[in-house]
Amino acid sequence: MFGELYEPVYLFMERGGDVLYAIFGLIFILWLLVLERAAYFMFSYRPALAAAVQEWEARSERRSWHAHQIRQDLISQLNINLSANMSTIKMVIGLAPLFGLLGTVTGMIEVFDVMAFLGNGSPKAMASGISKATIPTMAGMVGALTGVFAQSLLERFIKREKIRLEDQLTFDH
């Protein structure tokens, strides 16, 4: 059964060339980072937010310059933790299509090598290079598109939580 599932993936990877392995490695890293952010939001952020709110609410005085600086520090720490790894996620999303382009270039070089050796009258001989030129491009673009979708969801959540955080740390008694 495992062999039946593995064979189409193996053929796809073989047709796409070596660059496809790098693209899948990049996409794997991208989704590890996205899942890390999701796990942080689900398991670590709420307790950190509750601790910050509790620390702020425990203060007897909340109107002085010193109190405002403490509030700003609490907000800044949570904002930094909320936005952690987002720039890395953006970078990996940007790299995925570039790796796809690298696959296109290496596949076209293979096509030109076949044309130089056999002439341009053998489409069958050029088919392997054309596959190596198109499959990595598609894989890089699909990886980037899924990453952009995940990034937009994460950023929307982060933006909403930053506003909510400011609202929870009030100056009133």
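Colleague: In which helix is the place of valine 105?
Modeller: This is a predicted model, in which local features need pLDDT of at least 70 and side-chain atom pairs count only at pLDDT 80 or more, while totals for chains, interfaces and linings use all residues. Residues are numbered from 1 along each chain as its sequence is written, and side-chain values use heavy atoms, with hydrogens and water left out. Helices (H or I, at least four residues) and strands (E, at least two) are DSSP runs numbered from the N terminus. On that numbering, valine 105 belongs to helix 4.

Colleague: Is valine 105 buried or exposed, or in between?
Modeller: Buried means under 20% relative accessible area, exposed over 50%, and partly exposed in between (1.4 Å probe, protein chains only). Valine 105 has 44% relative accessibility, so the class is partly exposed.

Colleague: How much accessible area does the nonpolar patch with Val105 have together?
Modeller: Patches are made of residues with over 30% relative accessible area and no salt bridge, joining like charges within 9 Å and nonpolar side chains (Val, Leu, Ile, Met, Phe, Trp, Tyr) within 5 Å. Areas come from the Shrake-Rupley method with a 1.4 Å probe, and for residues only the protein chains shown count as cover. On the surface, Leu98, Leu101, Val105 and Ile109 form such a patch, and their accessible area together is about 370 Å².

Colleague: How far apart are the end C-alpha atoms of residues 92-115?
Modeller: An unreviewed UniProt entry annotates residues 20-40, 92-115 and 135-154 as "transmembrane region"; such positions are given in the numbering used here, feature names are shortened, and annotations may be inferred rather than shown by experiment. Residues 20-40 are 100% helix and 0% strand, with end C-alpha atoms 30 Å apart. Residues 92-115 are also 100% helix and 0% strand, and their end C-alpha atoms lie apart by 35 Å.

Colleague: What is the phi of asparagine 85?
Modeller: Most residues other than glycine have a negative phi. Asparagine 85 lies in the loop between helix 3 (65-83) and helix 4 (86-118) and is partly exposed at 29% relative accessible area. Although not a glycine, asparagine 85 has a positive phi of about 70°.

Colleague: Which residue is linked with Glu161 and Arg164 in a network of salt bridges?
Modeller: A salt bridge is a side-chain nitrogen of Lys or Arg within 4 Å of a carboxyl oxygen of Asp or Glu, and the structure holds eight. Glutamate 161 and arginine 164 form one at 2.9 Å, N to O; both lie in helix 5 (residues 123-168), three residues apart, about one turn. Glutamate 161 is buried at 2%, whereas arginine 164 is partly exposed at 33%. The network that links these two also holds Arg46.

Colleague: What is the N to O distance between glutamate 57 and arginine 62?
Modeller: Glutamate 57 is partly exposed at 38% relative accessibility, while arginine 62 is buried at 5%. Their side chains meet in a salt bridge, with an N to O distance of 3.4 Å.
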